[in-house]
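I opened this entry to keep track of what I looked up.

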Protein chains: 2
Amino acid sequence: MPTKTLAPTTGSFTLPGEAGYEDLTLRLARTWGADTIRDSDGTQLSDEIAASGYNIYSTLCLVRADNAWARANPTKLQQSWLMSFPVMADGDTVRVDLLKGYFREQFRVNADAGPHEWWQVFDRTAGTEIPTAQWNFNSADGTVTIRGTTAWHSYTVNFFAYRIWEEISMYNHVTNSWGDREHLMPIDPIHPEAREQMLAYLDRWIAAHPHTKVVRFTSMFYNFFWPWGDEPKRRFVINDWGSYEFSVSPAALLAFEKAKGYRPKSEDFVNAGLYCTSHAVPSKVYRDWIDFVISFVTDFSRVCVERVHAAGKQAYVFYNDHWIGLEPTDARFVQIGFDGIIDGIFSGFEARKVAATPGVTVRELRLHPYFFPTGVNGAPSFLPGGNPTLECQTYWIDIRRALLRAPVDRIGFGGYLHLVENHPKFIRYVVGLAAEFRELKELHVKDRPYTTPVKVAILSAWGTLRAWACCGHFNHGNPYNEVMESISGLPVETVFLSFEDLLRDGIPADIDVIINAGRRDDSWSGGRYWTDPRIVEKITGWVARGGGFIGVGEPSSAAHGGKFFQLSHLLGVDRELGLSTARAKYAYDAAKPGHFLTADLPPAIDFGKEVEGIHALDGDTTVLLDANKSPRVAVRAFGEGRSVYLSGHHYSPSNIRLLHRAILWAARAEKYLDRWHCRNASTECVYYPRHQKLVVANLTAKPQTTTVTLGDGKKTKRVAVPGYGCKILDV
Amino acid sequence: MPTKTLAPTTGSFTLPGEAGYEDLTLRLARTWGADTIRDSDGTQLSDEIAASGYNIYSTLCLVRADNAWARANPTKLQQSWLMSFPVMADGDTVRVDLLKGYFREQFRVNADAGPHEWWQVFDRTAGTEIPTAQWNFNSADGTVTIRGTTAWHSYTVNFFAYRIWEEISMYNHVTNSWGDREHLMPIDPIHPEAREQMLAYLDRWIAAHPHTKVVRFTSMFYNFFWPWGDEPKRRFVINDWGSYEFSVSPAALLAFEKAKGYRPKSEDFVNAGLYCTSHAVPSKVYRDWIDFVISFVTDFSRVCVERVHAAGKQAYVFYNDHWIGLEPTDARFVQIGFDGIIDGIFSGFEARKVAATPGVTVRELRLHPYFFPTGVNGAPSFLPGGNPTLECQTYWIDIRRALLRAPVDRIGFGGYLHLVENHPKFIRYVVGLAAEFRELKELHVKDRPYTTPVKVAILSAWGTLRAWACCGHFNHGNPYNEVMESISGLPVETVFLSFEDLLRDGIPADIDVIINAGRRDDSWSGGRYWTDPRIVEKITGWVARGGGFIGVGEPSSAAHGGKFFQLSHLLGVDRELGLSTARAKYAYDAAKPGHFLTADLPPAIDFGKEVEGIHALDGDTTVLLDANKSPRVAVRAFGEGRSVYLSGHHYSPSNIRLLHRAILWAARAEKYLDRWHCRNASTECVYYPRHQKLVVANLTAKPQTTTVTLGDGKKTKRVAVPGYGCKILDV
């Protein structure tokens, strides 16, 4: 039965070229069947490569492109509000060295915008703001002196700092030990002069790049939030791909004030040092800020893209680094007019994010490892001790699951090509990977994979704004992210819903199952939204009428009304946090095997970071799995609907299977399990009805065999799939 | 070296007698060396026993003594505010059957006191009170109908219910299957008529008990909070030995209003169904209520005790059951004039509680198992399958640790003596136990055990009000209780401090180490008190000047000011709860062995219910033990002082040793470890300087050997101590 599609043997592949390695570049382009060659930060393409007949992507980052201009215009640099590290008073005066603890090569205190107008000083112990009359800034040494302090209280200053080293080139510089190479500085397009300069630069750049077919914006203007520290053992102070904190400046706030009618305070962004990160439930101010930045970025990005188009070139955007304000799920995204989107990814959910981008004709994945000596976590990739093939295989298993459900157009790599030269095993592996990608891509042509008629909505405080995204790459241990990764390859339609959506529009009529997965107070579970009775009311009524609800970790959690899980009446369980210890707990029946959810669960299943202290409400809750008298899997009927509680979720074959079963059970769609279904949970299959092809993919490193139940309920003979591999069957 | 003291071979022992088993009673009295015979609930002493020459304790519980009067005065029964179980609306009207879910044999809805004056109805989903105009009570069927409800919101009613079955006799009745024996009802001395009746009954009773030497009040008036449910799999709705909820009634509230100038609302006590339990940080209202009840109980108890004294008898009180309002640490306790106190206990901390009672001449422990077929947890004691000897040995190890530090005067048992008859092994064991008790008691005569000159204060929201107490018997897994149990046998002076004490008086000058052990928001850690800057300020300054601080679990925890542990600057660690996930964590150095704290720690130590997600703040924190990159033991210097963090504590030999070392290190008193100290942590020793005797006690079931470092630093040869046993050495 194993078969091949009629997929092309070349194309859909982007190779990072490198000047000085022209032979290698062209040789690997042929070996891997590349149709496109790109440059990377730190590499150039020589004329020989540029004129070699391949499509050429050229990276361009306008905010750091002209460092001379940046040097000449130090007040036009990008900035950020920072909170100084807390300083404890031992008397009635405290002197705060604002940048102490921060990486001083990244920041310079902004002494230009009046501190007393923009900054705020707090007694964090008391939780009170210090009146401006009690503090003053010394611009000579970058300190703030606070008078009238209370001994043993901690004080912090929210201040504006210019960013004097653009973060991505800083990271590349430091990672590759670029020594005294000039530090590039990010300029801020909020200033008309900066926009003029950037457009003029773009025009010059276009004129200088006749071979370039695709301008690969890497990326637009504002980087995700990434302040560094001066402590080698804590290199980053904060690292949040989803946070807009690096888009704030006095000029932007004044423009915001004009647009929205009010001016946020520094504390709206600093939030006692927690900042507005992906994990915090977004405030109204912060949601307004995101809206404002999206509009600004959309408008100026469109102008840039129009210039590219006018020159007969295409504009792709790298959906990372300076991506802030580019939200593919926001209606304004398509107004920019990008032709393509590229993202550097590791996981299935990220592949789904790229695949779901509207309005572009090319969706491309930059795979990992990046051709750097070390990876983003500092571990060796192409250095001795690294195993780039194993890295690539490991990521590909997860990415492939997602691509079987939702295709992208291209794959590629980035970085320094010469690092690959001495890794023949890796070179061979990528030959096969590229061929497999082309095969699988072909299956989506004029076809869509068979999908169970079950529609799932993942409910969080972010909704579609973080569809197939969390806070960057895989945030292991985060229940929302773990569930999203598992569902990225499941045969169910998945959408994202925010509490604001729910309050405004209710639950869409076509949703079968809602999933809420998160921890107490975080944006993923929803935090304070669960104290809004309208939320509880809508979901409860919807379940009563037949909806399905799945809660993972601390779903619907808030200390409110004497309960913790605000939907405990649906879930049938709640969590004991120590305050209701005196309440006796219901002695639920011992977990019985054989329920639909747990039918093929292994004897021990690892839920990863799991919630304990769970208790069943009463006999209407059926506990399917428990540990130390704490339910791990529980189900309950409510009215016409059903709910499932999972105390944790960890992306793994067994957990994927359990989640799949939970979704079908909650949707009262159990009958769909046994269609196009692998018996062995370490494998998954996807059926393409028009091609009449069935892909059986191995989710693990080890060889697996499985029988597959086909659409008519008949079973195949055992199918063997090699470790990391997949098989395409005619059926 | 093993030796004996000159302890008497009889006495200090109370035997429960039983009519119908006169021979057994007198035989066991001789076997165990009893000097006193008592009755129990459900047993009588025959004239033969009463006249046998032994001291006679007679139990008396005035609130349930005259059931005819209770029946004739149904409005004078004790009552309680209860919250009805939540009822979810599916339309605009909700009918709440008030007692649904409660044990209807325990409660009767109080229809006498105007519901609209006293009760409150809540929409718990919205967190709002329903105006009285929207609900009415139907006394015929005990329901409340609420109009204008919102579908899918949950509603509850706070209502007054009479208690129609006195809880302790109810428990005894149910546990021993007393069938149709009359249900005793508790009358409320808040009513003058009830007080008159109780005193008249007391007078009659005294007259009828000429042989009684000691009136054993079992106990005074108000039981701890113990509403039962009607669901066999959740027999108790709440069970909290420390809660005053059963002392509330309209009459008491009116008296309170007169005394305190305001009238609490039902919700002040019901607290959305969480009630005012031991685990909740007490509100001002609740603290006022406790104060009010203490005064009331003191005043009327004194009257009762005076009558007993006038009759030439002594008055002992059983510090349990109806103990509410008797707080030995409150100055009013001694005004009552009790001659003795008795408590039924299992653990060391409970023994310390009895030992610390001021103003009485006799302190007595009633040991376990109680001579009942089953124990308080429902497991068999004297029924087949039970092992009363093992139970008794297990408790005795823990109790003995405490008694070596702080003596009591007597021990005894309670229950049905005839159950013991066929347990010769148990009878033999108690012979030895009684002898051992008398030996150890003798060591305290004109002597005090050697104690390290280190004074520890345990800081909680309760302070001395719950000195050597938590929420009843050992609340396993509660860090406060676990620490208290461990410290109950350590050679350090221990006091208890509340946040109110600290705010009022500061930290007493003689305190060396403060321990805060608890979980987020609970009364043991302190909850909202940690958002009070004065608390942080006082402790921080005190540590800076040389104090020692030990935090266990979630010490000083509150979501406030961007941190979670409000004393993280002292502890050097904080806990990640998911909101600061984007913050990079300091990569602390690998835990190194050999620190004073961990010097004799076993390779694996079980902290019980442990807190994870801990991170070190910076390089000033030394992590001594960790798991999964989460510190378990960390130390830090701050100014002249020192702090220790323990992620959990579980009463066990290794944990006791670690806590002991932590206390000495925090107090900068390491040098005291090696004085009168057992090398083997499964043993402990206590030295009595005037007797020049050293007790080496085995903390385990297995035989142990140890060397002991004496006061001069010299070491003994190996001392062997049998399992459960102890040895007394002349030194």
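**A loop residue in chain B.** I started with B:Asp447, which lies in the loop between helix 13 (424-443) and strand 20 (455-460) of chain B. Helices (H or I, at least four residues) and strands (E, at least two) are DSSP runs, numbered from the N terminus. The model is predicted: local features need pLDDT of at least 70, side-chain atom pairs count only at pLDDT 80 or more, and totals for chains, interfaces and linings use all residues. Residues are numbered from 1 along each chain as its sequence is written, chains are lettered from A and ligands numbered from 1 in the order in which they are written, and side-chain values use heavy atoms, with hydrogens and water left out.

Is B:Asp447 buried or exposed? B:Asp447 counts as buried because its relative accessibility is 7%. The cut-offs are under 20% relative accessible area for buried, over 50% for exposed and partly exposed in between (1.4 Å probe, protein chains only).

I then listed what B:Asp447 touches: B:Tyr688, B:Pro689, B:Arg690 and B:His691, leaving aside residues up to four places away in sequence. Contact means heavy atoms within 4.5 Å. The side chain of B:Asp447 reaches the backbone nitrogen of B:His691 at 3.0 Å. I also checked B:Tyr687: 240 residues separate it from B:Asp447 in sequence, and 10.0 Å in space, C-alpha to C-alpha.

**Helix 7 of chain A.** Next I went to residues 250-260 of chain A, where the buried residues of helix 7 are A:Pro250, A:Ala252, A:Leu253 and A:Phe256. They sit on the same side of helix 7 of chain A, because they cover an arc of only 155° around the axis. I took the arc from the directions from the helix axis to the C-beta atoms. On the other side, A:Lys258 and A:Ala259 are exposed.

What do the buried residues of helix 7 of chain A pack against? I found strand 4 (79-83), helix 4 (115-118), strand 12 (154-163), helix 8 (266-270) and helix 9 (284-310) of chain A. Just after helix 7 of chain A, A:Gly261 takes a positive phi of about 90°.

**Between the chains.** Last, I looked at the contact, which takes 56 residues from chain A and 56 residues from chain B. For salt bridges I used a side-chain nitrogen of Lys or Arg within 4 Å of a carboxyl oxygen of Asp or Glu. The rule finds four across the interface of chain A and chain B. I noted the one joining A:Asp521 and B:Arg520, with the closest N and O atoms 3.6 Å apart.

How values were computed:
Polar contact = N/O pair within 3.5 Å; in protein donor to acceptor, adjacent residues only side chain to side chain.
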